Amino acid sequence: MNKLEQASYTAIFPENLKKYKNLTAFSKSIEKIFKTYIVEKIKTLALFYNLEAQEDNVLDEIAWFFNIDKYRVDLDREIKIKLIKSAYWVHSKKGTKAAVISQLKNLNYEVRIQEWFEYGGRPFTFKLTTANESKEKDWLKNVLSLIEEYKNVRSILEAFYLLKEKKYEYHVLGYKEVFISRKRVNAGEDIDVKRNLFLGAYKQIRKEIVK
């Protein structure tokens, strides 16, 4: 409870007016309304310091003010707040790997980014890898759109891998054969590279383990 909720507003009423009962009653009525409907909302006036206390429609207006890319009114409240808090920093770092990673994390997309020199690719290309497919509808389209929005213009997406593992086991002459397959799915065409992107890499791993 703060001081505004505890204070008696009639106590600061001018002495020459306290003798008027109608004005005193009016003051008490105003005090009651103020404490009931206004005082609790005062803390929300500090918009950026109290984002958690803001209503969803207020968060949407703040996001519009900051011109946050890929912001949607149907996002979870927690995600909205993270996007707003990082808006200034992300805009100042736009075009860097750090900005891309930050926005992916804010939207709960667990995607690993590898630049060309980290895996021996062609100069200025990069690839994405994830083992956690989002349940969000059109998540792949949203991720690719976000990457395009925040990456620098010279970087070109070479591949997007979604690792989906399926294990198959059977026994042959005392050995257990284990196959792990990773499915490759076509994810569209990169306009800059003029080649197909593949979501996932088809790979088969075989292990022999003594029974």
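In this predicted model, Thr-129 is found in strand S2. Thr-129 is buried, with a relative accessible area of 16%. Leaving out residues up to four places away in sequence, Thr-129 touches Glu-110, Val-111, Arg-112, Gln-114, Tyr-161 and Leu-163.

Thr-130 is likewise found in strand S2. Its relative accessible area is 2%, so Thr-130 counts as buried, the limit being under 20%. Beyond its neighbours within four places in sequence, Thr-130 is in contact with Glu-110, Val-111, Trp-139, Phe-160, Tyr-161, Leu-162 and Leu-163. One of these contacts can be described at the level of atoms: the side chain of Thr-130 reaches the backbone oxygen of Glu-110 at 2.6 Å. Another of these residues, Phe-160, is 30 residues from Thr-130 in sequence, and the two C-alpha atoms are 8.2 Å apart in space.

In soluble globular proteins, nonpolar side chains tend to be buried together. Here the largest nonpolar core has 31 residues, of which Leu-104, Leu-128 and Val-143 touch the most other members. At least two residues of this core come from each of helix H3 (56–66), H4, H5, H6, strand S2 (125–130), H8 and strand S3 (156–162). The element that gives the most is H8, with 6 residues.

Leu-104 brings helix H6 into view. The buried residues of this helix, which spans residues 97–106, are Ala-99, Val-100, Ser-102, Gln-103, Leu-104 and Asn-106. Among the elements that cover them are helix H4 (77–85), helix H5 (87–92), strand S1 (112–115) and helix H8 (139–150). Leu-104 itself touches Tyr-109, Val-111, Ile-113, Val-143, Leu-146 and Ile-147, not counting residues up to four places away in sequence. Just after H6, Asn-108 takes a positive phi of about 65 degrees.

Charged side chains provide further links. Side chains of opposite charge can pair when their charged atoms come close. The model contains 10 salt bridges. One of them joins Glu-52 and Lys-85, whose closest N and O atoms are 2.8 Å apart. This pair links distant parts of the chain, with Glu-52 in the loop between H2 and H3 and Lys-85 in helix H4, 33 residues apart. Glu-52 is partly exposed at 47% relative accessibility, whereas Lys-85 is exposed, with a relative accessible area of 53%.

A salt bridge also forms between the side chains of Asp-60 and Lys-80, at 3.0 Å from N to O. Asp-60 lies in helix H3 and Lys-80 in helix H4, so that distant parts of the chain, 20 residues apart, are linked. Both Asp-60 and Lys-80 are buried.

A further bridge connects Asp-69 with Lys-94, the closest N and O atoms being 2.9 Å apart. Because Asp-69 lies in the loop between H3 and H4 and Lys-94 in the loop between H5 and H6, the pair ties together parts that are 25 residues apart in sequence. Asp-69 is buried, with a relative accessible area of 16%, while Lys-94 is partly exposed at 34%. Salt bridges that share partners join Asp-69, Lys-94 and Glu-149 into one network.

The surface also has a nonpolar region. Phe-26, Ile-30, Ile-33, Tyr-37, Ile-38, Ile-42 and Leu-45 form a patch with about 730 Å² of accessible area together.

Methods:
Residues are numbered from 1 along each chain as its sequence is written. This is a predicted model: local features need pLDDT of at least 70, side-chain atom pairs count only at pLDDT 80 or more; totals for chains, interfaces and linings use all residues. Side-chain values use heavy atoms; hydrogens and water are left out. Buried means under 20% relative accessible area, exposed over 50%, partly exposed in between (1.4 Å probe, protein chains only). Helices (H or I, at least four residues) and strands (E, at least two) are DSSP runs, numbered from the N terminus. Contact means heavy atoms within 4.5 Å. A nonpolar core is a set of buried Ala, Val, Leu, Ile, Met, Phe, Trp, Tyr and Cys residues joined through side-chain atoms within 4.5 Å. A polar contact is a pair of N or O atoms within 3.5 Å; within protein, one must be able to donate a hydrogen and the other to accept it, and residues adjacent in sequence count only if both atoms are side-chain atoms. Patches are made of residues with over 30% relative accessible area and no salt bridge: like charges are joined within 9 Å, nonpolar side chains (Val, Leu, Ile, Met, Phe, Trp, Tyr) within 5 Å. Accessible areas come from the Shrake-Rupley method with a 1.4 Å probe; for residues, only the protein chains shown count as cover. A salt bridge is a side-chain nitrogen of Lys or Arg within 4 Å of a carboxyl oxygen of Asp or Glu.
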